[in-house]
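Please read it with the sequence and the model open.

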Amino acid sequence: MGVVLTKAASFILIIVLGYILKRVGFFKPNDFQLVSRMVLNITLPCAVITNFEKLSLETSLLMLVAIGVICNLVMIATGYIVSWRRTHTEKAFNMINYSGYNIGCFTLPYVQNFLGPVGVVATCLFDAGNSVLCTGGTYSIASAVANNERTNAASYLKKMFSSIPMDTYLIMLVLSLLHITLPAGVTAFTGIVGQANGFLAMLMIGIGFELRLEKSQVAGILKAVIIRYGMAILFAAFFYFLLPLPLEVRLVLVIIAFAPISAVCTAFTQKCGGNVAMSSTLNSLSILISIVLMTSLMAVLKIA
């Protein structure tokens, strides 16, 4: 448990570091865009490649990919429905920031330390489905809503596949299913670069974090938190009591249900013209809440 708490505290300190460096002038407000581009186009794809190279797929667990997709679709729909009478920009904001799970640089350490190899594989498979949307698919849908565009399959797919992390996930999933491995030199490079992903993603959130929020924004953040974690409880109950999967896998899904919002949601919020400060604050708050909830769950699971 000490390892998990130390890693969680480290994430918070990196967010605080990013915010302090912005306040003292080391980072400028526009630097958020630079760091977010580095995360989306460099470090995250490298982290994806490295994680997939370590993954051994079991066909019996491939349904977890579909579960990752479905969870995101449900949350995207929830974000749209609760902002039905709001502006297109607000709808897009909710669709992006209600969905997406921070797996690679947050949830996986919990699973690695407590639930063993099967837990790691199950988490990575869920993340494959999760990432199909949160690294490109959700942005494509939300962008069409934000711009009030009539979209067709061709335009949707074009925008979705313009996401480098999304393309990387799909390519690596196919290669894993075909049991094709990349050259050692490639994975050595991606391993080094990918290690920076957690740091830069948390630093990005800290740079975007803003304490000066309007009352309506505070209300919006609280509403998002209540809906996000209310749905997490429903997902967790469904996973544990109704899914026909081994207990170890169901426990992993229960933990994942309470994962914080994906760090890249803030970057996609910016691309859709949404409120970056509000998204970053929501992201930071979700990390704090998830640390408490996931750590409590892991303590219960360890006792059990």
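The points below are grouped by topic. The model is a predicted one. It holds zero disulfides, and the count of aromatic pairs comes to seven. A nonpolar surface patch of about 540 Å² is also present.

**Cysteines**

- The structure contains zero disulfides.
- For C134, the closest cysteine sulfur is that of C265, 6.4 Å away, which is too far for a bond. The cut-off for a disulfide is 2.5 Å between the sulfur atoms.
- C134 counts as buried because its relative accessibility is 6%, and the limit for buried is under 20%.
- C71 also counts as buried, at 3% relative accessibility.

**Aromatic pairs**

- Seven aromatic pairs are counted.
- Y101 and F126 form an edge-to-face pair, with 5.7 Å from centre to centre and 80 degrees between the planes.
- Y101 lies in the loop between α4 (88-98) and α5 (103-114), whereas F126 belongs to helix α6 (residues 116-146), so this pair ties together parts that are 25 residues apart in sequence.
- Y101 and F126 are both buried.
- One aromatic cluster is formed by F235, F238 and F239.

**Charges over rings**

- K91 places its charged end over the ring of W84, at 5.7 Å from the ring centre.
- K271 does likewise with Y139: the charged end sits over the ring, 4.6 Å from its centre.

**Nonpolar surface patch**

- The residues that make the patch of about 540 Å² are F238, Y240, F241, L242 and L247.
- Helix α11 (residues 215-242) gives the most to the patch, with four residues.
- L247 is placed in helix α12 (residues 247-257).
- At 43% relative accessibility, L247 counts as partly exposed, because that class covers values between 20% and 50%.
- F238 is part of the patch and also of the aromatic cluster with F235 and F239.

**Helix α12**

- How many of the 11 residues of α12 are buried? Nine are, and the helix is mostly covered.
- The buried residues of α12 are V249, R250, L251, V252, L253, V254, I255, I256 and A257.

Key:
Residues numbered from 1 in each chain as written. Predicted model: local features only at pLDDT ≥ 70, side-chain atom pairs only at ≥ 80, totals over all residues. Heavy atoms only, no water. Buried < 20%, exposed > 50% of the residue type's maximum accessible area, 1.4 Å probe, protein only. Patch = residues over 30% accessible without salt bridge, like charges linked within 9 Å, V, L, I, M, F, W, Y side chains within 5 Å. Areas by Shrake-Rupley, 256 points an atom, 1.4 Å probe, with all protein chains shown as cover. Salt bridge = Lys/Arg side-chain N within 4 Å of Asp/Glu carboxyl O. Helix = DSSP H or I, 4+ residues; strand = E, 2+ residues; numbered from the N terminus. Phe/Tyr/Trp six-rings, centres within 6.5 Å; stacked < 30°, edge-to-face > 60°. Lys NZ or Arg CZ within 6 Å of the ring centre and 35° of its normal.
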